[in-house]
Amino acid sequence: MVKMTKYDLEPIVKKYYDALEEGTILGRKCTRCGHIEFPPYLCCNSCGGLDTEWVDLTNMRGVVKQALPTKGAFGDPDFRNEHGDYFAVEVVVENQDPINTSLLHVDYDKYNEFDKEIRKRDVFVKPLLIQDEDTKVVVWELEEDSEFKKIPEIKKVSQKEEKKDTKAAAPAVSGELDDVAKTVIECAATAYEVDASAITLATDIREELSNESMKMIVMISEIEDNLDVTIEIQEASTLMTIADFVNVVRERI
């Protein structure tokens with residue numbers, strides 16, 4: 001019988017995140033073929049070798065191969081509120097597997113131009129350490145200043161101010177409907193295949209209409225097409241009533 005050796009990943013994970021807290025980005029380099037695992041792992045993903053060693057990747061540079069927009073049906077609104085606009089990208093670094101990551105400090109309005117640019121030439125990026133909740137994580141930013149680079153000014157809003165603003169902006173659930181409210185109701189009626197007269201601002205979408213996620217997606221799409229605003233799926237999952245959607249649309253308009 002061959003005795004199997006147990007390899008424990010926990011010390012590697014701990015050392016990796018401890019290094020991030022100190023501003024250092026680490027990977028594991030295979031001593032046999034030179035392939036680098038990032039984030040670090042127990043063995044080499046290229047040759048399967050188990051002999052790997054720590055390597056400092058703090059100053060690595062990569063090339064953007066693909067970029068995806070992160071609004072509408074994609075993206076994380078909480079992350080955007082905390083760190084600003086970003087693209088979802090695939091970054092290629094020498095001797096590493098492609099990295100699916102986030103590219104921060106970008107001008108989101110120039111996504112189409114950026115997508116064309118990375119198809120024409122190599123666009124270089126460098127790693128960027130940010131604080132995300134209770135730990136530091138690695139994202140990326142453009143290596144050089146360009147028309148696509150834009151560092152946002154993010155205003156921190158206290159919970160007290162956030163609640164106050166939400167309360168002040170919330171639409172009434174009774175009285176005459178304005179054009180925005182009427183349009184949102186029509187969009188909901190189309191998506192959920194019900195008569196618009198059966199929907200009010202107080203209608204709880206999941207309880208009174210349907211809990212099917214695809215119908216919610218159709219409703220979001222209808223709102224975006226008719227009112228030229230963007231509502232992300234993650235954001236929509238926190239909205240309960242038609243009034244909640246009307247409130248968000250009014251803010252965007």
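Predicted model: local features only at pLDDT ≥ 70, side-chain atom pairs only at ≥ 80, totals over all residues.
Local features need pLDDT of at least 70 and side-chain atom pairs count only at pLDDT 80 or more, while totals for chains, interfaces and linings use all residues. Residues are numbered from 1 along each chain as its sequence is written, and side-chain values use heavy atoms, with hydrogens and water left out.

Searching the whole structure gives seven aromatic pairs. Rings of Phe, Tyr and Trp (its six-membered ring) pair if their centres lie within 6.5 Å; planes under 30 degrees apart count as stacked, over 60 as edge-to-face and the rest as tilted. One of the pairs joins F87 and Y111, edge-to-face, with 5.3 Å centre to centre and 70° between the planes. F87 belongs to strand β5 (residues 86-92) and Y111 to helix α3 (residues 111-120), so this pair ties together parts 24 residues apart in sequence. Helices (H or I, at least four residues) and strands (E, at least two) are DSSP runs, numbered from the N terminus.

F87 is buried (under 20% relative accessible area, with exposed over 50% and partly exposed in between; 1.4 Å probe, protein chains only), at 1%. Y111 is buried too, at 14%. F87 also pairs with F114: this pair is tilted, at 5.4 Å centre to centre and 35° between the planes. Because F114 lies in helix α3 and F87 in strand β5, the pair ties together parts 27 residues apart in sequence. F114 is buried, with a relative accessible area of 0%. Ring pairs link F87, Y108, Y111, F114 and F148 into a cluster.
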